[in-house]
Amino acid sequence: MEKDSSKFTNAFNRFEEWRNNVSKTASDKIGEELSLGSDTKKDATIDIEKLNIYIQNNHILKDISLQLHDKKITCIIGPSGCGKTTLLKSINRMIDTTEHVRVEGRVFVDGEDIYDKKAEITHIRKKIGLLSQRPTPLPMSIYDNITFGCRIHGMRNKKTLDKVVEKYLHATGLWDEVKDRLHTPASALSIGQQQRLCLARGLAVEPQFILADESTSALDPISSKNIEDLFMKLRERYGIIMVTHTLRQALRIADYVVFMYMGEMIEQGTADELFNHPKATSSAIIIVNPSANPIVPILLCSPSLVSGISSSTTT
């Protein structure tokens with residue numbers, strides 16, 4: 001582990017040496033934008049147009065077109081293997097790391113086509129943070145985890161970095177828990193704390209959107225509730241796009257819902273529209289059982305099954 005950590009540190013040091021050749025004026029400007037941008041963040045959208053993704057000969061996503069909103073929580077739901085994570089990874093071009101992948105269509109983030117040949121990947125990923133299913137703290141201290149992205153994007157001032165660390169640890173509810181051990185390894189944190197640390201690390205570069213790929217599925221109920229509460233607070237400033245298998249979670253926190261099945265987008269709309277007034281018979285149907293409390297969400301994909309269960313629940 002120490003050998004791997006040393007390799008990672010050496011690579012980062014070489015990268016910093018290269019970045020130090022960038023003019024100080026440009027670095028200071030980026031630092032000012034990161035530290036002051038929190039009060040001036042403008043609304044943005046993600047527009048997906050006729051997106052098709054192929055991996056080898058498999059057609060994974062089929063003609064997806066939708067708009068994702070800023071300062072809202074959008075939950076992507078559907079059965080396993082329907083393309084939810086692939087759609088999420090296409091939004092920040094993490095899909096590029098998949099072998100034999102082919103992407104057709106366009107994805108615009110705040111008006112910028114991220115699949116344009118001239119698009120710069122690091123710039124794109126600064127706009128779109130990612131919180132994965134399991135926490136991925138870097139093999140370094142808590143402090144260095146938070147400042148890692150800031151340094152990559154040019155921030156060097158120690159006082160500014162200190163403020164960033166405190167600000168985003170406060171934002172994720174970690175400051176009081178770790179303020180006395182900022183320079184200890186992040187790997188010593190509990191899994192729930194590590195997930196909040198990864199969220200703080202992503203927020204530190206002031207993204208426009210946060211992607212969350214089943215980000216509470218590996219956590220205990222209390223840690224899951226903490227992450228949900230954070231998302232509810234953070235949507236005042238960020239657009240959050242979240243993949244979840246837990247329909248109750250989508251019912252609790254979603255403003256918009258996208259239902260996918262076998263690589264296709266079956267339906268999209270507000271949470272109220274999709275859960276209570278679905279347009280497609282193969283969409284997410286909420287069956288209200290009078291003897292059950294709360295509402296029991298059931299995902300159905302067969303019109304005949306929907307008809308049969310609907311009849312049985314009314315008798």
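A salt bridge is here a side-chain nitrogen of Lys or Arg within 4 Å of a carboxyl oxygen of Asp or Glu. This is a predicted model, in which local features need pLDDT of at least 70 and side-chain atom pairs count only at pLDDT 80 or more, while totals for chains, interfaces and linings use all residues. Residues are numbered from 1 along each chain as its sequence is written, and side-chain values use heavy atoms, with hydrogens and water left out.

By the salt-bridge rule the count comes to 13. One of them joins Lys-225 to Asp-229 at 2.9 Å, N to O; because these two are four residues apart in helix H9 (residues 221-234), about one helical turn separates them (helices are DSSP runs of H or I with at least four residues, strands are runs of E with at least two, both numbered from the N terminus).

Another salt bridge pairs Glu-206 with Lys-167 at 3.9 Å, N to O. Glu-206 lies in the loop between helix H8 (191-203) and strand S7 (209-213) and Lys-167 in helix H6 (residues 158-171), so the pair ties together parts that are 39 residues apart in sequence. Glu-206 is buried, with a relative accessible area of 12%, whereas Lys-167 is partly exposed at 33% (buried means under 20% relative accessible area, exposed over 50%, partly exposed in between, with a 1.4 Å probe and protein chains only). Lys-167, Glu-206 and Arg-237 are linked in a network of salt bridges.

Asp-70, placed in the loop between strand S2 (58-69) and strand S3 (73-77), counts as buried at 8% relative accessibility.
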